[in-house]
Structures are given as C-alpha cells and as structure tokens.
Amino acid sequence: MKIADPIHFNTDTKRISPADTGDNSCLPLGKARAMRRFVGTSVCGPAHIDLNVPCQDAWMLGRYSFGEVLVVSDGMGSRPHADIGAKAACRAVLHAAKLWGMHPEAPPTNMIKLTHHIWRLLIHPYPQEDCVATCIFAILLARGKMFAAQLGDGLFYLKTCDSSYCLSEGRDADFTNETIGLGLTTSLSDWHFAEMSLPTSFNMMLCTDGVADDILPDRRADFVGYLREELDPLSPRQRVSLLRRELNNWPTPGHNDDKTLVLAWQKEKASE
Amino acid sequence: MATLKEFTHTEPRPLPVIILADVSGSMSTESKIGALNQAIRDMITSFVNEEDLRAQIQVAVITFGGAVRIHLELQPAKIIQWGDMSADGGTPMGEALATATALVEDKGKIPSRAYRPTLVLVSDGQPTDDWKTGLDKLLASERAKKSDRFAMAIGADADEAMLVQFASDPNIGVFHANDAAQIRQFFRFITMSVATRTKSKDPNQTPNIPFNDNPDSIEI
C-alpha cells in the first residue's frame, strides 16, 4: 500500500506525483461531479453516553463551484472544550477552502495556514489548549485534482482501481487518544498532506480514531468497499441511517470512543 | 453475508502491564521470591476474573537475576499459564530497563491502538550493571515515558534513589515492602489501578487510588 511521504514545509513546496493513483484520466467537470456520492455521520461513543457529555467528534461537507470539501475532527477528550474545538476545526476548513478555492494555483500549504488562523478566531474566547482537536480534510477540486491533509490521528484513505493510499499510518499517535492537534501545534511539519489527480473511479474515507484504530490495516479496502456496496443503492437519508446504525453497533468489544466516518465515492460510468 | 465484524479487530484495545522483577540471589532469602511469585499469580487471576472491561489486559514479565530474560511474553491475561520465577545471580537492572524500553517501542507488540502501558519495577538491592544508561533511554523514549511507572523497594538494601527516578508520579513515590504481606499489598494496588483504568471512560487516565500500606487492612 502506498503511503504518502510527509511533506515538510519549506519555501519549495513539493507536490506528490499523481502517477500512483492509476487511471489519471478526468471526466468533463459536470459529469465527474454528478457521479460523486457522499455520506457522513458522527455518533457519540459509550463513554460519553454514560457520562451524558456531548460528542467530541465533528464533520462537515461543503459543496462549492470549485469542488467539494470533506472534513472530520476529533476533540481531545481531556480538554474541557474539545467539542467546541472539533466543530471549529470543521468550520475553519470550510471557510479556508472557500478562500483558497478562489486561488487554486496558490500553494496548498496556504490552505493549512488559513485553517489554523480561522480556527483560533472561531474558538474565541476559549484558550487554544482547552479546545485541542485533530483535523483531516480533503478538497475534491472540480478540475479533477484533490488536496488532502491530516493533523493528528484518524485516517484518510483512498482506494483506486489498482492502488490504495493513506496520509498517515498512525505515526502521529504513540497510544490511543494520545495525539497532536490544532491548539497544540502551528507547525506545518506536523501535518501530512498530498496533492494528486483523482481517477474516474475511487472510494475515499475520512474517519476519526474511534473508527480508524479498530479497522484491521490489511482490510481497509474491504471495509470501504463493503460500505460503498451497502450504501450506494440507497437514498441519501437511508445512507445516513445505515451508517449511523453501523457505527452505533460497532463490532469491536469494549469500544469507547466517539465515531465519525465520511465516505466519498465516484463511479466510473454514469450508468452505474 | 459480510458485516463490519469481518474487517475490524475482534478484541478490545490492549492495556499492557509490564513487570520488571528482580530475581537476583538475594531474592531467594526471607521468602521474597515466593511472595513475589504468589503476588503476580494473584494479580493475573484478578485480571482474568474482571468483567465488563473496556480494554484487554496483557501482561509481560521481564526478570533480571544474573541475566535478563523475558519470563513471560506479552499476552492477554486470560491465556497466561504462570510458571514461578527462581532467584539467582546479580542484578542487571540496566539491561532489564533497556529490554522493557524495546518492548514498549515495538509497535508490532504494542500497537498504536493500545492504551498507555503500566510498568512495574520491583527490586531488593543495588543494580550490578550500568542502570543509568538503561533508565535514561527509557525516560527518553517517546512511548515509554508516557507509561504509568510504579516502583517497589523490597527490604532495606534496595536502591531507592534509583527507583524514585523510575516512578512516574512523584506524589506516589516508591513503595516499600519489608515482608511478604506488603509485597502482596503492593500488587493488589497495581491490580486495582489497572482494573480501574480498564473500566473508566478513558483508560488512558491514571486513576487516583490512595495506597494503604497497612498489610492488615482489607482495603487497598
């Protein structure tokens, strides 16, 4: 499985070669976007349900003229306003993407810097250290390219016809629930990010560690493929309902964490 | 028909407990090794009998007496077949610490989905090797320094100054055991601390359990 090498920011921004994604052909803009499907949800984990505290995960999806933006975030449980931090992370990414999307030739690292600044505004008046949250996002540009970035634990996973791809293999977490996030760092070197062309057919998943840590690493493709097959024939409302049911009936014994999962897939043929 | 169960872990997230046990020659006196064996055996039995856990307790035992050995490979408590340790030789504590560090750093044996390990160091004497290098390496390790670390000094000859540096909570410090009953008392405390973590909303948080060093007390 291909893993994106972390790109450490310097004045010479490096972009990943798209060659490893297989089919690099791009459909006409409208047709590609029409065949993309999205679904996402967050559920509160047993630990927070027992304590009657709010879910500290969040996710958002934005659709714009330049493309779609997917983001998930996990507030650090030990912080008093982790739920606020997670929601702010998602809103910050959407705000930043709307600005960056107007200037898509600008370095993608500008997108990350904007996210940090806007996040600090959105959590005001709470201190940063009280709102620490991870952040994983993907921007699917209408012109057939994608920019994905990750700070902290969780998983960004892309499956194409002949390869699979993730931004981080758990390198940022020594143990479960011990990770980096917004509010703990402002260094670009703590982010993993990649820019590539999107093939005509793909499965994509963004999820927090409550999901990611329990998926068998060598079964990720099967996990995402299974969900796509189950969800694709359904209406949008039914997809959300099924996904919530799967997360609320999570199979790993003793599971504790909040869980957030966002899926995106694109069919190769409009008739599928 | 497939379900998500096919693609996900079927065991709870691990919570490793790693015992570093001094089995040098001096431990063969005054029933110390016998008490230590019984205390660890009882701890494992307690872990097996715990219900409603949010983590899978795994135990490893590294002995140092003459040589350093992995007496018990890291494994779930429920499958452990305990064999008693025997005491002989010097006290290569530095090498034992290095072995423990390597184990904690091994993501094949302790994956990122695991909760922070508990490390327990038990000794009745002075190290006979370069313990400082081993301890420095452990405390510099990103993963090992995040572990909960407890230390017990058995008898009056233990190197308490060294054990204090190992322990992770200066408010708790080093436990002292002068007889078999106190050795068992300490391990009941470890058992309760670990069991409490596995039942809490966040097993990574260290519970605040006061240690009652009265061996006649039925309370921990």
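Which residues in α4(A) are buried? I began my entries with this question.

**Entry 1: conventions**

I noted that this is a predicted model, in which local features need pLDDT of at least 70, side-chain atom pairs count only at pLDDT 80 or more, and totals for chains, interfaces and linings use all residues. Residues are numbered from 1 along each chain as its sequence is written, chains are lettered from A and ligands numbered from 1 in the order in which they are written, and side-chain values use heavy atoms, with hydrogens and water left out.

**Entry 2: chain A**

I found 7 helices and 11 strands in chain A; helices (H or I, at least four residues) and strands (E, at least two) are DSSP runs, numbered from the N terminus. Of the 272 residues in chain A, 56% are buried, that is, under 20% relative accessible area, where exposed is over 50% and partly exposed is in between (1.4 Å probe, protein chains only). I then looked up contacts (heavy atoms within 4.5 Å). Among those in chain A between residues at least 6 apart in sequence, 75% join residues at least 24 apart.

**Entry 3: helix α4 of chain A**

Helix α4 (residues 109-123) of chain A has 15 residues and reaches 22 Å from its first C-alpha to its last, close to the 21 Å expected; the expected span is 1.5 Å times one less than the number of residues. My opening question has this answer: A:Thr109, A:Met111, A:Ile112, A:Thr115, A:His116, A:Ile118, A:Trp119 and A:Ile123 are buried. Their cover includes α3 (82-100), β5 (135-141), β6 (145-151) and β9 (192-197) of chain A.

**Entry 4: α3 against α4 in chain A**

I found the axes of α3(A) and α4(A) 8 Å apart, at an angle of about 135°. Axes are lines fitted to C-alpha atoms, for helices over the stretch in contact, and angles run from 0 to 180 degrees between N-to-C directions. The angle makes α3(A) oblique to α4(A); under 35 degrees counts as roughly parallel, over 145 as roughly antiparallel, 65 to 115 as roughly perpendicular and the rest as oblique. Residues in the contact include A:Ala88 and A:Ala92 of α3(A) and A:Leu114 and A:Ile118 of α4(A). By class, I recorded 14 nonpolar, 4 polar and 1 charged. Ala, Val, Leu, Ile, Met, Phe, Trp, Tyr, Cys and Pro count as nonpolar, Asp, Glu, Lys and Arg as charged, and the others, Gly among them, as polar.

**Entry 5: α1 against α5 in chain B**

In chain B, the axes of helix α1 (residues 32-49) and helix α5 (residues 180-199) come within 9 Å and cross at roughly 25°. That makes α1(B) roughly parallel to α5(B). Their contact has 11 nonpolar, 2 polar and 2 charged residues.
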